[in-house]
Amino acid sequence: MIKLLTINHFEAAAVILFGIGFMNMLLQDNLIKKFIGLNIMDTAIYLYLVSYGYIEGHMAPIAEAGKAALAEEFINPVPSGLVLTGIVVSVSVTAFSLALIQRLYKKYGTLSFDEVLRKLRSGEANTYDSDS
Amino acid sequence: MDYKSDPNKIGKWERFFKWVNGEDSIDSVWEKEMRSKITGKRKKRRKTIEDTIERINSYSKKIYIILSVFITVVYIGILLYTVYELPEHGNPLNPANNEVSQRYIEHGVEETGALNIVSAMILDYRAFDTFGETVVLFTAVICVAILLRRTDEDKTDLEQDSFKSDRGDILKFAARLVFPIVVLYGIYVIINGHISPGGGFAGGTIIGAGLILYSAAFGDEKIKSILNYKSITVTTVSCLLIYFFSKGYSFFTGGNHIESVIPKGTPGNILSGGLILPLNICVGIVVACTMYGFYSYFTKGDI
Amino acid sequence: MILTHNIAHNIPFISIFLAMFAGIITPLVNSGRKSCFIHKTTTVIIGILSLLLLLHVDYNQERFTFLMGHFPSPWGNELKAGPMEAVLAVAFSVVMFLTVTGGQYMIEKDVPEKKQNLYFVMLNLLFGSMLALIYTNDIFTGYVFIEINTICSCAIIMSKDTGNGILSTIRYLIMSILGSGLILFAIALLYTLTGQLLFPQLKSGILQLINTDDYMFPMTITAGIFTLGIAVKSALFPFHTMLPGAYDAATPSSSGILSGLVLKSYIIFLIKVYYCVFTIEYLREIKITNLIFFLGVCGMILGSVMALKERRIRRMLAYSSVAQIGYIYMGLGLGTSIGATAAMLHIVAHAVTKSMLFVCTGRMKDISLAGEADHCLRGIGHKAPVSAIGFTIGALSIIGIPLLAGFASKLYLALASFYSPFKMAVSLIMLAVSMVLNAMYFIPPIVDIWRPLSEKDANYRIEPEIRPAFITAVVIFIAVNIFVGTCYEIIFDIFEVGIALMR
């Protein structure tokens with residue numbers, strides 16, 4: 001318990017944030033809030049990764065010209081690179097999902113998932129009745 | 001068994017054979033009968049059914065909420081215990097700080113010619129990932145175009161909420177002042193991507209923000225002469241193709257164990273780092289176009 | 001320039017880059033037909049190259065690495081190809097080409113004309129990313145290409161642009177993002193535990209941890225989260241809710257590709273990670289295989305039951321896909337090499353069959369004017385014989401009639417269950433039950449299709465135009481299906497060698 005609070009507190013926070021995002025995704029009815037939940041989940045993972053790349057007292061991985069770089073001076077560059085990739089992916093997915101939501105809003109005039117579902121169902125039921 | 005006189009009294013098998021042979025008369029009589037039965041019942045029951053459904057829905061909603069809270073709490077609990085068991089935060093002896101990061105740091109400068117080790121890693125050591133990442137951006141902007149780009153039929157829509165250039169004077173003045181600085185800073189970040197913090201993704205976003213500011217302040221008539229659908233597509237595609245061919249060359253030579261002819265330059269100079277500088281410029285242009293594309297698709301439905 | 005290396009070893013890299021190249025240049029092409037031509041040409045070239053690769057690796061019995069850059073294994077990206085990857089690449093190219101050719105005129109009708117070239121951009125990128133998932137030897141590259149796969153598959157669902165389609169896409173996207181979030185978390189955990197991202201180094205790192213008995217709890221959780229993420233993405237039973245709406249709303253080619261190939265590419269990545277990273281012995285020890293065996297069996301039965309209840313044919317096919325995914329996970333969950341091999345064979349068999357079913361159903365729906373009503377397919381076999389024959393053969397293949405693809409894979413799944421004694425009884429009984437259920441929901445539509453056309457129904461049918469491309473595609477599909485169903489031993493042997501080389 002003490003280790004969680006004092007040493008691995010970044011990671012613990014990341015895990016809790018992940019849970020918050022997950023719950024947001026499950027329980028929010030508003031589609032934009034749902035996707036914000038998913039975004040929080042992704043961001044929590046980046047927090048986790050970046051915090052594990054950090055090494056106590058070391059510098060950001062930018063070498064100096066004409067001077068040999070030593071592994072004892074710099075933090076681990078790999079997680080930073082992974083997070084960079086992850087952020088770009090998450091931006092793309094967010095833009096795509098927001099575009100989908102905008103399109104859906106233009107068609108149904110609401111952002112509520114249940115409401116859209118209800119409208120869709122009643123619309124379908126109508127076509128069914130006229131069909132048979 | 002004369003089913004023609006009394007269609008209700010035929011045997012099951014006969015009805016089945018008729019059904020298989022597609023003889024409509026029997027079928028339709030039977031169907032009509034069944035349907036009238038069903039609709040009669042349906043009308044009677046509809047109200048009670050709706051009530052029940054409502055009740056079940058409210059119950060299932062409650063169960064769903066309780067279940068999802070439960071799952072999340074269990075999930076967080078398990079992960080917290082996992083984190084508790086994991087290596088310590090910030091410890092140099094962690095398993096992640098092994099020969100991989102050591103070589104990136106200690107030999108990165110001589111092997112790639114770039115001082116920024118993260119840039120060296122994502123654009124040289126692990127360039128295939130970054131190629132995928134750029135393609136993800138490209139995919140996203142194409143998707144947004146599929147969804148939001150207006151076709152000719154709803155051009156009338158465009159007239160109603162079109163973006164006129166009657167913005168406030170303060171915004172115009174500030175934009176005139178800030179826009180060149182923002183773009184210049186973006187270009188600086190891109191060009192120095194391999195010797196200082198920054199790079200194509202960061203700088204591209206800055207330039208994109210500048211373009212968005214310009215478009216918001218002066219309306220789309222002015223910017224459209226330079227940035228329209230065609231020019232943005234051509235720029236993005238050609239930058240991606242430059243990226244594609246230069247990285248393709250380096251992957252091909254690497255995979256076949258051929259020495260690459262691209263000079264690495266003196267570390268610390270602007271013209272150094274082998275392919276990293278041109279790649280950063282390409283990525284920067286792609287990102288700037290993508291960001292501006294997102295903005296204008298979301299607001300105007302067209303670039 | 002002297003190639004010191006074998007030329008055939010460049011094929012994985014060339015195929016991925018060719019597909020990506022086609023995807024990148026297609027936005028410049030304005031007409032849908034030209035972009036479709038580019039797509040089909042690319043697919044054919046990649047198919048031929050993969051066939052050459054298959055002949056090469058099968059002759060030499062080798063699995064080789066291709067450096068993506070100038071840096072060797074723990075530092076740079078890598079591709080790895082062996083017999084298994086080559087067969088999968090060939091199968092994917094064939095299915096992709098036939099599905100697009102068969103459904104091309106429906107794409108032209110369903111997708112707005114100005115956006116058709118963008119639809120083909122998505123298909124090209126999707127194909128490239130699936131190839132990358134097949135060939136990759138790096139877990140993080142896998143993640144990046146999984147994301148491309150996600151976005152592209154959502155794009156080809158929504159391209160029909162109906163309200164239903166967009167809602168289904170949102171559902172699909174939510175589930176997919178959840179899945180990739182879990183996968184990324186698992187990758188992050190793996191990285192903190194071992195400090196590696198490439199398969200061989202990850203494997204040795206994990207073996208070392210197992211030997212010293214360090215961090216065993218986090219390792220179990222990592223394996224669990226990774227499996228969960230892939231299961232969410234590949235619609236394993238409790239996570240299947242996104243499928244029916246999506247397949248119903250998309251244009252037939254999209255549904256065929258999604259069900260036949262995209263879901264499978266995630267499972268292939270999972271199998272690669274299982275065998276090249278975690279090692280199957282470790283997964284057996286921590287009982288993950290039992291979990292996926294259980295979920296797979298549930299999916300087999302419940303997917304079929306849901307298909308039985310469904311009256312709309314495309315949703316029924318979607319639930320049938322859920323059941324077939326269950327078969328694959330069951331084979332994988334047996335926890336033996338032969339089980340995984342049978343699962344791979346089922347991946348190929350199902351890809352060949354389900355894509356044909358979707359294309360044929362799309363064609364039959366096209367001719368019927370009755371919309372979604374129950375009687376919409378009655379007697380349609382007399383108006384559109386080719387698609388009806390295709391549907392019949394596909395359905396029989398899924399049921400598992402001998403000489404067809406589905407039979408071979410089910411036979412091997414049953415045989416494989418003999419090698420894991422505790423799961424034998426369950427899997428044999430469930431295979432039998434599920435086969436009966438399959439027959440129960442596929443026989444009524446077949447009977448319906450081949451009934452004589454009554455006068456009343458004839459009003460609801462239009463006289464179809466003859467589509468030579470469609471007919472050719474279906475004929476080749478049937479030929480491929482029979483080839484897989486009769487020459488299954490060849491494919492099975494290649495997969496066996498491939499899996500043995502992976503360990």
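What percentage of the contacts in chain C with a separation of 6 or more comes from residues 24 or more positions apart? Such residues account for 80% of these contacts. The legends below refer to a predicted model.

Figure 1. The secondary structure of chain C consists of 20 helices and 2 strands. Chain C has a radius of gyration of 22 Å, close to the 23 Å given by the globule rule for 503 residues, so chain C is as compact as a globular protein of that length. The C-alpha trace of chain C spans about 75 × 60 × 45 Å along its principal axes. Of the 503 residues in chain C, 67% are buried.

**Figure 2. Overall fold of chain A.** Chain A contains 5 helices and 0 strands, and its pattern along the sequence reads α-α-α-α-α. Its radius of gyration is 23 Å, whereas a compact globule of 132 residues would have a value near 14 Å. Along the principal axes, the C-alpha trace of chain A spans about 80 × 40 × 20 Å. Buried residues make up 42% of the 132 residues of chain A.

**Figure 3. Helix α13 of chain C.** This helix covers residues 313-333 of chain C and has 21 residues. The distance from its first C-alpha to its last is 30 Å, close to the 30 Å expected at 1.5 Å a residue. Helix α13(C) is mostly covered, with 20 of its 21 residues buried. C:Gly335, which follows α13(C), has a positive phi near 75 degrees.

**Figure 4. Contact between chains C and B.** Chain C contributes 58 residues to this contact and chain B contributes 49 residues. On the side of chain C that touches chain B, at least two residues each come from α1 (11-25), β1 (64-68), α4 (116-135), α5, α6, α8 (216-233) and α18 (455-458) of chain C. Helix α5(C) provides the largest share of that side, 10 residues. By residue class, the side of chain C that touches chain B comprises 37 nonpolar, 15 polar and 6 charged residues.

**Figure 5. Contact between chains C and A.** Here 22 residues of chain C meet 27 residues of chain A. Helices α5 (139-158) and α6 (163-194) of chain C each supply at least two residues of the side of chain C that touches chain A. The most comes from α6(C), which gives 15 residues to that side. The side of chain C that touches chain A divides into 15 nonpolar, 6 polar and 1 charged residues.

**Figure 6. Packing of α4(A) against α5(C).** Helix α4 of chain A (residues 77-108) packs with α5(C) at an angle of about 10 degrees, and their axes are 11 Å apart. Angles under 35 degrees count as roughly parallel, and therefore α4(A) is roughly parallel to α5(C). From α4(A), the residues A:Leu82, A:Thr85, A:Val89, A:Ser92, A:Val93, A:Phe96 and A:Leu100 meet C:Phe140, C:Val144, C:Glu147, C:Ile151 and C:Met158 of α5(C). The residues of this contact comprise 9 nonpolar, 2 polar and 1 charged.

Figure 7. B:Asp169 lies in helix α7 of chain B, which covers residues 169-191. A residue counts as exposed if 12 or fewer other C-beta atoms lie within 10 Å of its own; B:Asp169 has 7 and is therefore exposed. The C-alpha atoms of B:Asp169 and B:Ala217 are separated by 9.0 Å, although these residues are 48 residues apart along the chain.

How values were computed. Residues numbered from 1 in each chain as written. Chains lettered and ligands numbered in written order. Predicted model: local features only at pLDDT ≥ 70, side-chain atom pairs only at ≥ 80, totals over all residues. Contact = placed C-beta atoms within 7 Å. Helix = DSSP H or I, 4+ residues; strand = E, 2+ residues; numbered from the N terminus. Nonpolar A, V, L, I, M, F, W, Y, C, P; charged D, E, K, R; others polar. Expected span 1.5 Å × (residues − 1). Rg over C-alpha atoms; globule rule 2.2 N^0.38 Å. Axes fitted to C-alpha atoms, helices over the stretch in contact; angles between N-to-C directions. Parallel < 35°, antiparallel > 145°, perpendicular 65-115°, else oblique.
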